[in-house]
Amino acid sequence: MKITNNEFLVPLDDEQNRIDVFLNKKLKDLSRSYIKDLILSGQLKINKAIIKSPSYKVKFNDSVSLNIVPKPVQNLTPFNFNLNIIFEDDDIMVIDKPAGIPIHPGAGNYDKTIVNALINYNKNSLSNIGDELRPGIVHRIDKNTSGLVVIAKNNHAHENLSNQFSKHTIKRVYQLLVWGKIRPSKGKVETLITRSSKNRQMMEVSNVKGKKAITNYKTIEIFENNNIPTLSLLECELETGRTHQIRVHMNYLGHSIVGDDKYKKRLKKIKNISLSLEKRLMDLNRQFLHAKIIGFIHPKKKEKVIFDSILPQELEIVIKTLRNTSK
């Protein structure tokens, strides 16, 4: 097995950065998760001492040495799934993902994902930068979120789109239904978001650590009367793309998303709810969050492109029920 050694000296500008972040900047072809795995497996030395902590803070002039051990070959199983492709050319594909299917393989599901469906559709026309389990994947949305995702069909497109995401120039607009009435009716949420100390599968707002997250929101429609709990249909436009960002920010504001299984308000505590609406909400096995608009500069044509998606049927019927009930 071939092992590639990479050695670096830490410049003053990178002092106190996490070692996994530092290496991710130096080794752009490797995903941060792969770098973390290498560190945890003892492939990192700092000043000739083995370090197994991805959060280790580097110091000026540290000597960093990372052995890059090739990943074992992963076999991605094709998944016969009907992709809703709304645009495709030689460089990119834009798909409208339904809720209930994850973007890429992970713990507990290695063969029924969007990636597996892409392999089934055309395994020879996907970028192969970074993680072998994520060919073509430039960004992702949660399993139980629906909507638009752009796929890179070659490495040039992948690098170009990744750069646009890094610079936060991609236009991303989501529609969502939340509990209550947000005041003010439109605004900007700007916080740090970090992994929860209580549940590692969740994220939370922090005043002292994490990544900067900015969400612009506006209220589209409010549903309220004596027969239903107050609910609001919102649009959120992201300036950043952190894990669970909209879900965390809405929960932070005290208006969690309807159907959210992690950042949620329990339906059983709600009084004065109509039977028809209660049934619609109870049957909703997903969060009411939909990636409605995505816009970016085409990686080859250098022209602005924008795509729009309507609410899927299971969400549209909730809105129709709300409108009928709140009359």
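This is a predicted model: local features need pLDDT of at least 70, side-chain atom pairs count only at pLDDT 80 or more; totals for chains, interfaces and linings use all residues.
**H168**

Is H168 buried, partly exposed or exposed? I found a relative accessibility of 37%, so H168 counts as partly exposed, since that class runs between 20% and 50%. I placed H168 in the loop between helix 4 and strand 8. Its phi is near 60 degrees, a positive value in a residue other than glycine.

**Helix 4**

Helix 4 covers residues 155-166, twelve residues in total. From its first C-alpha to its last I read 16 Å, close to the 16 Å expected at 1.5 Å a residue. At the start of the helix, I noted a side-chain oxygen of N154 within 3.3 Å of the backbone nitrogen of H156.

Which residues of helix 4 are buried? My list reads A157, H158, N160, L161, Q164 and F165. I then checked what the buried residues pack against, and wrote down strand 6 (92-97), strand 7 (146-152), strand 8 (171-179) and strand 13 (289-297).

I looked up Q16, which sits in the loop between strand 1 and helix 1. Q16 has a positive phi of about 75 degrees, although it is not a glycine. With a relative accessible area of 47%, Q16 is partly exposed.

I also stopped at the peptide bond from R183 to P184, which is cis, with omega near 0 degrees. P184 belongs to the loop between strand 8 and strand 9 (186-195).

**Aromatic pairs**

How many aromatic pairs does the structure hold? I have four in my notes, and I looked into two of them, including F8 with F22. The ring centres of F8 and F22 are 6.2 Å apart and the planes stand at 90 degrees, so I logged the pair as edge-to-face. F8 lies in strand 1 (residues 4-9) and F22 in helix 1 (residues 19-26), so the pair ties together parts 14 residues apart in sequence. Both F8 and F22 are buried.

Next I took F87 and F307, whose ring centres are 5.3 Å apart with planes at 45 degrees, so this pair is tilted. F87 is in strand 5 (residues 85-88) and F307 in strand 14 (residues 304-308), so parts 220 residues apart in sequence are tied together. I get 25% relative accessibility for F87, which counts as partly exposed, and 13% for F307, which counts as buried.

Conventions: Residues are numbered from 1 along each chain as its sequence is written. Side-chain values use heavy atoms; hydrogens and water are left out. Helices (H or I, at least four residues) and strands (E, at least two) are DSSP runs, numbered from the N terminus. The expected span of a helix is 1.5 Å times one less than its number of residues. Buried means under 20% relative accessible area, exposed over 50%, partly exposed in between (1.4 Å probe, protein chains only). Contact means heavy atoms within 4.5 Å. A polar contact is a pair of N or O atoms within 3.5 Å; within protein, one must be able to donate a hydrogen and the other to accept it, and residues adjacent in sequence count only if both atoms are side-chain atoms. Rings of Phe, Tyr and Trp (its six-membered ring) pair if their centres lie within 6.5 Å; planes under 30 degrees apart count as stacked, over 60 as edge-to-face and the rest as tilted.
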